[in-house]
Amino acid sequence: MAGDAITAVEHVFRQERGRVLAGLMRRFGDLGLAEDVLQEACRKALELWPQTGIPSNPAAWLSSVARNAGLDHVRRAGKSVTEAEALLSCLPTAMADETQAIEDDRLRLLFICCHPALAPEAQVALALRTLCGLSTAEIARAFGLAETALSQRVLRAKRKIAEARIPFELPPAQDWPQRLAQVQHVIYLVFSEGYCASGGDSLLRADLCAEALRLARLLDSLQTGQPEVQGLLALLLLQASRGPARLSPEGDLLTLEEQDRRLWQGDLIAEGLSVLAQALPARAPGPYQLQAAIAALHARAATASQTDWRQISALYGALLRHKPEPLILLNAVIACAMAHGAEHGLAWLDRLETVPSLANSHYLHAARADLLRRQGDRAGALAAYAQAAMLAANTVERQYLLRRHGEMRLPLV
């Protein structure tokens with residue numbers, strides 16, 4: 001039973017942390033306090049659940065216990081507690097569990113994390129920590145930072161929120177434009193971490209993908225008719241549609257070329273294409289719309305051989321004008337190679353080795369290995385696959401690269 005309790009607490013903490021924390025933040029207006037009392041509630045769960053059994057609604061139990069602990073803290077600090085809060089603390093868990101404001105709570109917390117008073121790099125780290133429950137180690141790995149440096153970044157951000165008394169509310173309409181881009185960026189990063197984890201033993205984290213999709217839908221409902229918001233939602237829907245096909249039954253990574261497209265989720269594809277179609281008439285293409293258009297071309301191809309790589313390559317050229325980032329440039333090079341021949345891509349990859357963030361990236365070496373494989377350069381591909389596998393932090397990606405390396409070592413027949 002003790003093992004079941006630990007598993008249940010860990011599951012709730014991963015799946016429901018953002019929702020519970022956002023509700024506590026609305027109650028107390030103090031992110032540090034909200035995190036502390038939620039952690040205290042988790043400790044109590046680990047103590048009590050092995051003896052009492054796991055509650056029917058573990059998230060509501062944690063929320064109620066954390067809320068009561070927070071009220072005790074407020075009282076001990078000599079601060080006033082409203083009668084409504086005092087009454088709420090005495091209600092049964094089922095009655096105290098709130099349903100109406102939950103959807104907006106997490107979006108409010110996201111806007112706090114993306115407040116302009118915080119440094120941009122701190123905004124992303126704080127959102128991944130608070131909303132999604134990623135550990136300091138996971139976030140540090142995604143950013144390529146030491147854990148101590150990441151911890152200090154998050155700590156400074158929380159201190160700034162408290163000192164600036166940033167209110168727990170959605171910004172007024174006139175402030176949305178300057179905040180929207182960073183909010184979208186964070187949602188995209190949350191999805192990306194769920195779609196292809198930066199480290200660990202699992203490639204996919206369905207909880208992060210689901211949270212990002214939920215936030216993107218909510219953002220779209222609040223910002224109706226915004227082409228880039230629609231583009232972001234369309235992109236996430238189209239990428240999420242491939243989820244069931246990205247791993248083999250044995251848990252091995254499958255590339256787009258290897259996936260059984262019959263497993264792609266048609267409902268998500270249809271919704272993604274519909275949302276993208278709503279954005280395009282505005283004729284205001286931005287990076288999310290362009291990435292969604294690329295994903296749409298993949299979604300429309302019945303087989304890998306029918307992929308319109310020339311059009312994808314052209315779209316990457318347009319995307320680079322908006323976001324001249326190393327990984328996008330790498331993807332553009334791969335698309336160019338698929339459209340015009342491996343030799344074109346390899347020539348560009350040689351130049352990309354001078355880009356610091358790519359030189360030690362397994363993605364660059366994996367791309368080189370694949371193009372060399374297509375050219376029939378067995379020795380070159382073997383070396384590149386070995387280098388990529390050595391650099392890959394995610395176990396599933398590393399196993400894929402080692403599998404490819406092993407296949408290249410087999411004698412030709």
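Let's start with Gln291, which sits in helix 14. Helices here are DSSP runs of H or I, at least four residues long, numbered from the N terminus. Is Gln291 buried or exposed? It is buried, with a relative accessible area of 13%. Buried means under 20% relative accessible area, exposed means over 50%, and partly exposed is in between, with a 1.4 Å probe and protein chains only. Leaving aside neighbours within four places in sequence, Gln291 contacts Tyr188, Leu235 and Leu319. Contact means heavy atoms within 4.5 Å.

A word on the model. It is predicted: local features need pLDDT of at least 70, side-chain atom pairs count only at pLDDT 80 or more, and totals for chains, interfaces and linings use all residues. Residues are numbered from 1 along each chain as its sequence is written, and side-chain values use heavy atoms, with hydrogens and water left out.

Now confidence. pLDDT is the predictor's confidence in each residue, from 0 to 100. The protein chain averages 86, and 91% of the residues score at least 70. Among the elements of the chain, helix 14 (residues 287-300) has the highest mean pLDDT, 98. Helix 5 (residues 93-96) has the lowest, 36. Over residues 86-102 the pLDDT is below 50. That stretch has 22 contacts in the model beyond near neighbours in sequence.

Next, a helix pair. Helix 7 (residues 120-130) packs with helix 8 (residues 136-143) at an angle of about 145°, axes 10 Å apart. Axes are lines fitted to C-alpha atoms, for helices over the stretch in contact, and angles run from 0 to 180 degrees between N-to-C directions. Which residues of helix 7 meet helix 8? Glu121, Val124, Ala125, Leu128 and Arg129 do, against Thr136, Ile139 and Phe143. By class, the contact has five nonpolar, one polar and two charged residues. Ala, Val, Leu, Ile, Met, Phe, Trp, Tyr, Cys and Pro count as nonpolar, Asp, Glu, Lys and Arg as charged, and the others, Gly among them, as polar.

On to the loops. Ser361 lies between helix 18 (356-359) and helix 19 (362-375). Ser361 counts as buried because its relative accessibility is 10%. Its side chain reaches the backbone nitrogen of Tyr363 at 3.1 Å.

Last, two arginines. Most residues other than glycine have a negative phi. Arg165 has a positive phi, near 50°. Arg165 is in the loop between helix 9 (147-164) and helix 10 (176-195), and is exposed at 73% relative accessible area. Arg283 also has phi near 50°. Its loop joins helix 13 (266-279) and helix 14. Arg283 is exposed, at 76%.

How values were computed
A polar contact is a pair of N or O atoms within 3.5 Å; within protein, one must be able to donate a hydrogen and the other to accept it, and residues adjacent in sequence count only if both atoms are side-chain atoms.
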